[in-house]
Number of protein chains: 2
Amino acid sequence: MQNGSEAGRPLRLALIGIGKIARDQHIPALNADPSFELVATVSRSGGIEGLPSFTDIRDLVASDLEVDAVSLATPPQGRHTLASIALEAGYHVMLEKPPTATVGEVAELATRARAKGLSLFATWHSREAASVGAARDWLAGRTLRSARIEWKEDIRVWHPGQEWILEAGGLGVFDPGINALSIATAILPDPLLIQSAHLAFPANRQAPIAASLSFRSGRARVEATFDFLHTGTQSWDIVLETDAGRLVLSDGGQRLTTDTTEISHGANEEYPRLYTRFASLVRKGASDVDLTPLQLVADAFLIGERSEVAPFSF
Amino acid sequence: MQNGSEAGRPLRLALIGIGKIARDQHIPALNADPSFELVATVSRSGGIEGLPSFTDIRDLVASDLEVDAVSLATPPQGRHTLASIALEAGYHVMLEKPPTATVGEVAELATRARAKGLSLFATWHSREAASVGAARDWLAGRTLRSARIEWKEDIRVWHPGQEWILEAGGLGVFDPGINALSIATAILPDPLLIQSAHLAFPANRQAPIAASLSFRSGRARVEATFDFLHTGTQSWDIVLETDAGRLVLSDGGQRLTTDTTEISHGANEEYPRLYTRFASLVRKGASDVDLTPLQLVADAFLIGERSEVAPFSF
């Protein structure tokens, strides 16, 4: 049963992890996409009315429900185990970002999916923002001189009560910051190499709440500021200085402007585009697993200087 | 000139970084190996009597000295820049462990070497210890149930005054510990995946002085203890419990025993074997770049819990 979709039939998908991101993004995207039929949920915190719901993926596998694919929207720390069980059961797997808690885990899942002939899609939703493709195309013909990434948001607004984000392995401010890195690695013509990092850990937490990072990309310096305690105007912006002037990719990749002109602007269609891409990967029998953004974060932790800052509570 | 060796002629090699590891290991190995001719040194802290010495690799490149290859024995933090200059100059490159400060850097060097048709060898000297191959062969026919890695040494004895080891990016206790990981990843049949880590940072340092790590490899749990403040009997041991009894790989991979029998024991020929392998790679036009050990360390930093311990001074 679980070996992929026949042509024309929707993929029967179980959504694992019914938290904020599932309700805000995954469920609306799935409901609007004729390529998918949402057939079940797996979650410890409730399901969707009218759908079979399980509290353990093992119960889904043991049930007689026919499932082609799962999409994992749980916190990253437990995702390798869930994805391993799913692949073992013959399900195609889509992973929220970051794909797993470690680079080694997602690399191992990629090997396992290949061996089983299943599709694995490690998603980076910000790469699907409306103006990311336009930014890559604009940069392709120019020389980058320098870039500044400003990713500043209020954790209390965007991640209320999500304690796991500040636990060991939860990435802290890199949970949003990795979105910026997923965009930067998609649009810059040269690899992004981290040179130095400073990570600020709240005294009562195991993940950083702010970070400043210096990279090189070809001959250009790229500086990034990630701040999880930013109130007031939130910023998810990348400012690129080139031989042809300044390019600003703002609103998390939705809008692209020069100093004088708006080049591109679009609504947020990130999750619908991710699911379109997942359906296409399954149809082609392909996988898409780019480790680079998580690799950059691991490298930042590896070489980063640490400092302790005030305790944080939600 | 710099495009590899003609058959029979020794490779003209410049050794970059004349510190403790160069004098203890690289120079004796090179002097004993007819495949190499040591033609120059690059170091800020003195050279070798009778050989041209440079303080900057750019001066070596600008000189009229004919060089086929360089071997980098400098601290890892600056190695990506040196290796980039060397590859640009058309030199084959051998890197001490860890190859670079970050995983991203060594991955980028591998791409660059491939594009230039040059050999890049990211060495893991402990993999060349006398009994590592015997341990891998013995394990291949058995089922691993669990393993314990004990890597405990006195930093003051083995790294006297090497302040860079405890700076950000210097790896701290993972500088020796990565040797254990390079062996474990070479002998275990299944990938080593880190599950949790605890890292102890001296209050006055940016790199950990001790670590405890939990891994999975297939169904087996692997526990590791790394300690840089261990006085008395030093230990570089891996104890493997299998369905066919206990196997102990000790003395940093030199000796292999079961509870009753010595299976293998040999003298330390790690660096001579590394240079033999480098010469062979250059002759074949091949590279050998395994990121796995450094990847595991980066993943340990990424998910590790941190604690602060007493300040450390040499």
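Where chain B meets chain A, each side puts in its share: 30 residues come from chain B and 30 residues from chain A. Keep in mind that this is a predicted model. Interface size is often quoted as the accessible area lost when the parts come together. Here, chain B and chain A bury about 2400 Å² between them, and 59% of that sits on carbon and sulfur atoms. On the chain B side, the residues losing the most area to chain A are Q206(B), L302(B) and R306(B), which together make up 28% of what that side buries. As for salt bridges across the interface of chain B and chain A, the rule finds 0.

Now for helix packing inside the chains. A packed pair is described by the angle between the axes and the distance between them. In chain B, take helix α7 (residues 174–187) and helix α9 (residues 292–303): their axes are 8 Å apart, at an angle of about 125°. From α7(B), the contact draws on residues including F174(B), I178(B) and L181(B), while α9(B) supplies, among others, P293(B), V297(B) and F301(B). The contact residues split into 9 nonpolar, 3 polar and no charged.

Over in chain A, helix α1 (residues 20–31) and helix α8 (residues 270–284) have axes that come within 8 Å and cross at roughly 55°, so this pair is oblique too. The crossing of α1(A) and α8(A) is right-handed. I21(A), Q25(A), H26(A), A29(A) and L30(A) of α1(A) touch Y271(A), P272(A) and Y275(A) of α8(A), giving 6 nonpolar, 2 polar and no charged residues.

Technical notes: Residues numbered from 1 in each chain as written. Chains lettered and ligands numbered in written order. Predicted model: local features only at pLDDT ≥ 70, side-chain atom pairs only at ≥ 80, totals over all residues. Heavy atoms only, no water. Axes fitted to C-alpha atoms, helices over the stretch in contact; angles between N-to-C directions. Helix = DSSP H or I, 4+ residues; strand = E, 2+ residues; numbered from the N terminus. Parallel < 35°, antiparallel > 145°, perpendicular 65-115°, else oblique. Left-handed = near helix turned anticlockwise from the far one by under 90°. Contact = heavy atoms within 4.5 Å. Nonpolar A, V, L, I, M, F, W, Y, C, P; charged D, E, K, R; others polar. Buried area = accessible area lost by both parts, 1.4 Å probe. Salt bridge = Lys/Arg side-chain N within 4 Å of Asp/Glu carboxyl O.
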